[in-house]
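Here is a short report on a two-chain model. Please look at the sequence and the structure before reading on.

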Amino acid sequence: MEALEKTELSILSEISHISNSAIDLTEKLRRIEEVVVRGMGKDGASVFLVDQSGKTVTLVAAIGLNQESVGRMSFPLGMGIAGWVAEQKVPLALEDPYSDPRFVYVPESGIENFKSLVAAPIMDEERCLGVIFVLSLLVWQATSSELTLLTTTANEIAGVIKSTQLIQNIQDRLSELSTIYEIGMALTSTLDLEQLLSLIAKNSVQSLRAQGCTIRLVDIPEIPSRKTFAAYNIAGNVIMDIDARIGQTVSDRVAREKRPILIQDAHQDAALCELLAAGACSLISVPLLFREKVIGIITVYTRDESRPFRENDLQFLTTVASGAAVAVENAAMYERMESLAMEARTRAQELAILNDIGTAMSTTLNLDRLLRIILTAATMGGTGLGFNRAILLLTNERTDMLQGMMGIGPTSWEEAGRAWGEVSSKHKSLMEWIQTGELFEHRDSALNALARSIRVSLTPAEGVMALTVLNKRPYNITNASSDPLVRRELRDALAVNSFATVPLIAKDRVIGVILVDNMFNQRPITEGDIRFLTMFANQSALAIENAIIHTNLETMNKDMRALHEQLVQSEKMAALGAMMAEITHEIRNPLVSIGGFTRRLAKNLQHSEEKKYIDIILSEVTRLEGIIHDNLSYIKEVAPQPVETDIAALIREILMLYEDELAQRRIRVETNFSPALPGLMIDAQQIKQAAINILKNAMEAMENGGTLTIRTYPSDAEKEAAIEFGDTGPGISSKAMHNVFNPYYTTKPRGTGLGLPITNRIIKAHRGRIELRNKDTGGASFTIKLPYGERGDKKPA
Amino acid sequence: MKKILVVDDEENIRELYRIEFEDMGYTVTVVSDGIQALDKMDSDKFDLVTLDMRMPDIDGIETLRKMKEKDSALPVIICTAYEEYKQDFGSWCSEAYVVKSADTSLLRETVKKILG
């Protein structure tokens, strides 16, 4: 008895010693088992603990049993010896446990080596914490004092477990607090939202011994870069992407209800099968609340079925979430501020650029110079908009077309590199360029030629350019080859797949379009670019409108001046006409007398010297009369008196009149009159005069004779009659070509220079025209073209 | 013998026309203005008149109107240095309009056409 008491004292003393050591519970239990085995002189021992659910007992420490069973072997309460003792809360000694109906054999557990056993419940007041077994290799019938010793030891073990758990709880709490502190520190350490979310997720996963964490943020529209999901999975120290949708159904409910949800066992709810599919069996989802508003949801989950989340985990995550919410909101606020500041900075920069460009534009009212400034500004880096190429088109209200005016930009990579190098090496601002005049040096590029060739009808079917005008809005084309708005011709001409167009709007009216692209550096055109370009286009449109108004005023002024000059001219002509009429009368009468009497004298003189002189007088009189006639014809403008006339007959009449002179000049006449010509409504006298003037001109051109070809034919799709006079003279010099229709211009020593101007005037009065050219075969060709007019019915063939 | 009255304020022209027409076999009377011409019509009967346009006192058009009042059947050739009224002669009821020229052939042809 004494020996056993001694043993008991020594066991209890050793247990209390072990209890105070700093090792963990299972190790403590193992050492206690050693002490008990040794103290009681037996061969093995094991401890089962009731788990958190209170429904099963599990082997946590063993001596003499297979160590692989530790942590694995467990029984529901009431089952097996351990389950029975835990449930009945009474000690039990079995000399031959294998014959006992309560025994459940677990193969390969090592129990089969032992013959007898004793078990005692580990009791904490009325609650059973577990069961301790002592095992014997020999048949052993335990005494009551041995049973008491084990029960006492079991009570001591209960104390060890409780104190260890208490310490563990305190340690956990401490660790939680320190984690929360650390998270708090971490949260204030960064304003970068990404980094912050990552920190929150990582700390939550580590603290809760979870397998994953997702953080969903409620969308904030003004921060487009902001992610909706941040998801983390911890394996070792590596953060891996996991499916962010895990627990979405739950977190949606959390967002709606603004309160946390704890799911201890996903198996309990059919609606949560998606969780199981993702491998999560338990989760906590907590709203990130900032001023009563849900700004996000944090969800952690675990795959460890033996360790589902508990209420205290939820409280922990709620604490973390409240700190995180503030930090997230701060970071979001910071991001918002930053983006506002960035925008303010961009705006200020844009305004500065626009101001510079505005100043540059105000330097000229010349449209061509202005367009050059605008397009240079659009394509300049630094103080410009920095597009690679720009084309400006203006609308033409009269024709309802969009017409390319100018294009600026390099035509090749090499040129692009050179041009940009040049600009950047010179560091010139737009104003400097203008002031040095360098900007206006004419550089006729292929792009400019391309720009000027663009004509687009203002109908929707014409695509993006017309639509820019019609809908008064910009278009950012990112994939021209598949965009139905981009017509093939335009795409081929531009040879780029993305470009943008903005309307030039002045006083609510679209006056044109600016087209830009980044053909060479391929920089995508952003919405920001479009916004800035639109501002730039509005400014440009006003400047262009001003320049156009100015040009119109100038043109109007010029027209007025021309009209005034014309008026003065016609007044002069009228005065001259009146004077000429007087002179004519005064000169003609004496000429009639001189000529008339001389003619009479001539009749009586034959072949004498006097006859020769008289002929000179007569020819001079004739010439003077001709001059008077020409001058009068030119000065007075008589409206044509149209009568239906057969052109061929008219020409024949003239040829008859000049038959002698033509023969004298050794000029052969070939005629070819088209029978298809109708009778024309013309003033026969005037047209005869016009034709005679051309005939005379042709005769004089052929000083040494030649061939005069006169032909008539229908022209301009049978809407006009052509009368062509071809000679075999020397042709017309280019100088004469421009002057033959100017009054008083003559190449002949004795001409008045009025013949062809009169002809021209007559033909114009008939709404016809004269074409003049040198024939390929030599000689000149005059063609009168007269419209058929209203009564120009076709003659029946 | 057909009788022609030549009305012209230029003496030389009157003389030229007189001899030209006489050569053609007509009897010619010449006067230097419209009033004399109208007087002559009262005392004599003519087959044709050549009438100048610009004359002192009463001009050719006025003279022509009065002549036609006296004898609407009397043919009158307007014979003037002006070209610009050529298209109007019909409305003045004259029979022809000839621009004065040193070459009198057109005038002579016109006279011959009217008098036959």
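Strand β5 (residues 116–124) of chain A pairs with β6(A) in the antiparallel sense, over nine bridges. Ala120(A) faces Ile132(A) of β6(A) across this pairing. The two strands, β5(A) and β6(A), form a hairpin with two residues between them. Glu125(A) sits in the turn and has a positive phi of about 55 degrees. The model is a predicted one.

Strand β6 of chain A covers residues 127–136. Nine of its ten residues are buried, so the strand is mostly covered. β6(A) also pairs with strand β1 (residues 44–50) of chain A. Six bridges join them, and they run antiparallel. Here Ser46(A) has Phe133(A) of β6(A) as its bridge partner.

## The five-stranded sheet

Chain A also holds an open sheet of five strands, in the order β20-β22-β23-β25-β24. The pairing is mixed. Which strands stand at the edges? They are β20 (667–673) and β24 (769–774) of chain A. Each has a single partner strand, so one side of each is left without a neighbour in the sheet. From one strand to the next, the twist averages 15 degrees.

The partner of β20(A) is β22 (residues 706–715) of chain A, joined to it by seven bridges. These two strands run parallel. Ile667(A) stands opposite Gly706(A) in β22(A). Helix α19 (residues 684–701) of chain A packs on the sheet. The helix touches β20, β22, β23 (720–726) and β25 (780–787) of chain A. Its direction makes about 25 degrees with that of β23(A).

## Chain A as a whole

Chain A has 21 helices and 25 strands. Of its 797 residues, 34% count as buried. Take the contacts in chain A between residues at least 6 apart in sequence: 64% of them join residues at least 24 apart.

## Nonpolar cores

In soluble globular proteins, nonpolar side chains tend to be buried together. The largest nonpolar core in this model has 57 residues. Ala378(A), Ala390(A), Leu504(A) and Ile514(A) touch the most other members. What does Ile514(A) touch, leaving out residues up to four places away in sequence? The list is Ala378(A), Ala390(A), Leu392(A), Val502(A), Leu504(A) and Ala537(A).

## Two residues with positive phi

Most residues other than glycine have a negative phi. Lys89(A) is not a glycine, yet its phi is positive, at about 60 degrees. Lys89(A) is found in the loop between α3 (80–88) and β4 (92–94) of chain A. Is Lys89(A) exposed or partly exposed? With 14 C-beta neighbours inside 10 Å, Lys89(A) counts as partly exposed.

Gln522(A) also has a positive phi, near 60 degrees. This residue lies in the loop between β18 (509–517) and α15 of chain A. Gln522(A) has 11 C-beta neighbours inside 10 Å and so counts as exposed. The cut-off for exposed is 12 or fewer.

## Strands of chain B

In chain B, strand β1 spans residues 3–7. Four of its five residues are buried, so β1(B) is largely enclosed by the rest of the structure. β1(B) pairs with strand β2 (residues 27–31) of chain B in the parallel sense, over five bridges. Val7(B) has Val31(B) of β2(B) as its bridge partner. A right-handed β-α-β unit is made by β1(B), helix α1 (residues 11–23) of chain B and β2(B).

β1(B) has a parallel pairing with strand β3 (residues 48–51) of chain B as well, over four bridges. In β3(B), Leu51(B) stands opposite Val7(B).

## Where the chains meet

How many residues of each chain are in contact with the other? The counts are 19 residues of chain A and 15 residues of chain B. On the chain A side, α15 (527–604) and α16 (609–635) each supply at least two residues. α15(A) gives the most, with 13 residues. By class, the side of chain A that touches chain B has seven nonpolar, eight polar and four charged residues.

Note on methods: Residues are numbered from 1 along each chain as its sequence is written. Chains are lettered from A and ligands numbered from 1 in the order in which they are written. This is a predicted model: local features need pLDDT of at least 70, side-chain atom pairs count only at pLDDT 80 or more; totals for chains, interfaces and linings use all residues. Two residues are in contact if their C-beta atoms, placed from the backbone, lie within 7 Å. Ala, Val, Leu, Ile, Met, Phe, Trp, Tyr, Cys and Pro count as nonpolar, Asp, Glu, Lys and Arg as charged, and the others, Gly among them, as polar. Two strands pair if DSSP finds at least two bridges between them. Axes are lines fitted to C-alpha atoms, for helices over the stretch in contact, and angles run from 0 to 180 degrees between N-to-C directions. A nonpolar core is a set of buried Ala, Val, Leu, Ile, Met, Phe, Trp, Tyr and Cys residues joined through C-beta atoms within 7 Å. A residue is buried if 20 or more other C-beta atoms lie within 10 Å of its own, exposed if 12 or fewer, and partly exposed in between; C-beta atoms are placed from the backbone. A crossover is right-handed if, with the strands pointing away from the viewer, the path from the first strand over the helix to the second runs clockwise.
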